[in-house]
Amino acid sequence: MAYAEHDFECDQGSTFQQSVTYQSTQSDGSLAAVNLAGYKARMDIRYALTKEADSVVELNHTNGRATIDGTGSTGKVNLLISAADTAALTPGTYFYDLEVFTGLGNAGFVDRLIQGKFTVSAEVTNV
């Protein structure tokens, strides 16, 4: 399945919380959520659009930042970066992609859902 392009904006010092729904086109042209039961999600935010670039933030099931919603039947992937973690980000534009997968590494099924820019805007108020 082809990935979609989507840019995220994140406010430095604020909680970043988004949900992405994985859908497929049915034979009648309608969209239906893909059941993600048994899947995991991962997303890297990097300085450049290459896997060799240094990672700024990693979101995955292990650190709880990229999780599959409930039983997986909704097709939703929940993304979360705490306010403390976004406060540590340098304002600017980064790049990301979000994948769902089964198995270990790339040995199982892998699908890139979305990719794009991840822009962090500077915080002015600081406690």
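Arg65 forms a salt bridge with Asp85, and the closest N and O atoms are 2.5 Å apart. By salt bridge I mean a side-chain nitrogen of Lys or Arg within 4 Å of a carboxyl oxygen of Asp or Glu. Arg65 sits in the loop between β7 and β8 and Asp85 in helix α1, residues 83-87, so the pair ties together parts that are 20 residues apart in sequence. Helices (H or I, at least four residues) and strands (E, at least two) are DSSP runs, numbered from the N terminus. Asp85 is partly exposed, at a relative accessible area of 30%. The cut-offs are under 20% for buried and over 50% for exposed, with partly exposed in between, using a 1.4 Å probe and protein chains only.

A word on the source. This is a predicted model, in which local features need pLDDT of at least 70 and side-chain atom pairs count only at pLDDT 80 or more, while totals for chains, interfaces and linings use all residues. Residues are numbered from 1 along each chain as its sequence is written, and side-chain values use heavy atoms, with hydrogens and water left out.

How many salt bridges does a search of the whole structure find? Four. One of them joins Arg46 to Asp44, with the closest N and O atoms 2.8 Å apart. Arg46 is buried at 16% relative accessible area, and Asp44 is partly exposed at 24%.

Another joins Asp97 to Arg112, at 3.9 Å between the closest N and O atoms. Asp97 belongs to strand β10 and Arg112 to strand β11, so this pair ties together parts 15 residues apart in sequence. Asp97 is partly exposed at 24%, as is Arg112 at 31%.

Asp97 stands opposite Gln115 of β11. β11 also runs parallel to β2, joined by four bridges, with Glu9 partnered by Thr119.

Next, the open sheet. Its three strands are ordered β3-β9-β8, with antiparallel pairing. β3 and β8 are at the edges with a single partner strand each, so one side of each has no neighbour in the sheet.

Last, the core. The largest nonpolar core has 26 residues, and Leu98 is among those touching the most other members. Such a core is a set of buried Ala, Val, Leu, Ile, Met, Phe, Trp, Tyr and Cys residues joined through side-chain atoms within 4.5 Å.

How values were computed. Two strands pair if DSSP finds at least two bridges between them.
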